[in-house]
Amino acid sequence: MTDEWDDEATVVGNKEVARKLLSAVTRDRAYVIVIAGPNVGEMFKVDGTADIGRGQSVKIRLTDTEISRRHARLITKGGKVYVEDLGSTNGTFVNGQPVSTRELVDGDKIQVGTTTILKFSHGDDLDEEFQRRMYDAALRDGLTGAYNKKYFRERLDAELAFSLRHRAPLSLVLFDLDHFKRINDTYGHPAGDYVLKTLAEGILASVRREDVFARYGGEEFAILSRGLSTRDAALFGERLRAWVQSYPFVFEDQRLPVTISVGVAAVPDADVSESEALVRCADEALYAAKRGGRNQVRSHGAP
């Protein structure tokens, strides 16, 4: 009987300790997380003043083509956070209501443009780490760290719409590893995983922040780039091909032979109006590179 009461007292005591520990966590870190739109899942810390928009210089940069370059501003003042519209074209809304300036409270939903919504909240280190892990799990390939195909297709639709509306160049580079099955069969699947991961790490370190690098299939990857013509994208593809050929892929003291074939297509040279058509143009160029002997770059429309 005494042991049972002692056990119950221990449980009650542990609950009280846990309650005190949780209450001691200071949830004083303000942040916004994108819950709808092209950047869904991304999290931004709110510290001082932070402009929201699609321009290159803003702190909270979103890829939604329906928002202004400098759309809205978050301002921290006296321990409170305010949102201010910066004269945007499509307006700023909080919980569905248009605003010019408004103080934010935990849970408020900020809509910028027509599709992007950010949720304002306070949290701590654990909240931030958890959210970042959720973001990576939803949008990135687990092995390579590149974006997954679902996210890539969403961004491709948005970027092509922007390109056509503003008559701006947009390039798509597709490439895959030559004879990748041979690597798996000869050296084992761990060696193949090593090649995919190492290749992706090198590319992630070299592409621009605004580029979209994704794992499109098993050993096939895609890079979507604003502002690159067919010629510029082909030059980039050639640098990429040369880097892969010369890089020392060494697994368990064994040098692995790795090369890639590259296909390039770009708007407006590729006269397309749908994302599927742009992918088809790049894919045809990729297969031309394979038919030509592999380890080379081919562009859509080139002889």
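**Close-ups of a predicted model**

**View 1. Arginine 208 reaches out to a backbone oxygen.** The side chain of arginine 208 gets to the backbone oxygen of arginine 226, at 2.7 Å. Keep in mind for every view here that this is a predicted model. Where does arginine 208 sit? Look in the loop between α5 (189–204) and β13 (212–215). Its side chain has another partner too: a polar contact of 2.9 Å links arginine 208 with the side chain of aspartate 211.

**View 2. The neighbours of arginine 208.** Leaving aside residues up to four places away in sequence, arginine 208 touches Ser225, Arg226 and Leu228. Take serine 225: along the chain, arginine 208 and serine 225 are 17 residues apart, and 8.4 Å separates their C-alpha atoms.

**View 3. Helix α5 meets helix α6.** When two helices pack, we describe them by the angle between their axes and the distance between the axes. Here, the axes of α5 and α6 (residues 230–246) come within 12 Å and cross at roughly 135 degrees. That angle is why α5 counts as oblique to α6. The crossing of α5 past α6 is right-handed. Which residues make the contact? From α5 come Thr198, Leu199, Gly202 and Ile203, while α6 brings in Leu240, Trp243 and Val244.

**View 4. An open sheet of 5 strands.** Read across this open sheet and the strand order is β4-β3-β5-β6-β9, with mixed pairing. At the edges you'll find β4 (60–61) and β9 (101–103), each pairing on one side only. Now zoom in on β5 (residues 72–77) and β6 (residues 80–85): they pair in the antiparallel sense, over 6 bridges. To find your place in this pair, spot threonine 76, which stands opposite valine 81 in β6.

**View 5. A hairpin made by β1 and β2.** Strand β1 (residues 29–36) pairs with strand β2 (residues 43–45) in the antiparallel sense, over 3 bridges. Valine 32 makes a handy landmark, standing opposite phenylalanine 44 in β2. How many residues lie between the two strands of the hairpin? There are 6 residues between β1 and β2. In the turn, check out glycine 37, which has a positive phi of about 115 degrees.

How values were computed:
Residues are numbered from 1 along each chain as its sequence is written. This is a predicted model: local features need pLDDT of at least 70, side-chain atom pairs count only at pLDDT 80 or more; totals for chains, interfaces and linings use all residues. Side-chain values use heavy atoms; hydrogens and water are left out. Two strands pair if DSSP finds at least two bridges between them. Helices (H or I, at least four residues) and strands (E, at least two) are DSSP runs, numbered from the N terminus. Contact means heavy atoms within 4.5 Å. A polar contact is a pair of N or O atoms within 3.5 Å; within protein, one must be able to donate a hydrogen and the other to accept it, and residues adjacent in sequence count only if both atoms are side-chain atoms. Axes are lines fitted to C-alpha atoms, for helices over the stretch in contact, and angles run from 0 to 180 degrees between N-to-C directions. Angles under 35 degrees count as roughly parallel, over 145 as roughly antiparallel, 65 to 115 as roughly perpendicular and the rest as oblique. A crossing is left-handed if the near helix is turned anticlockwise from the far one by less than a right angle, and right-handed if clockwise.
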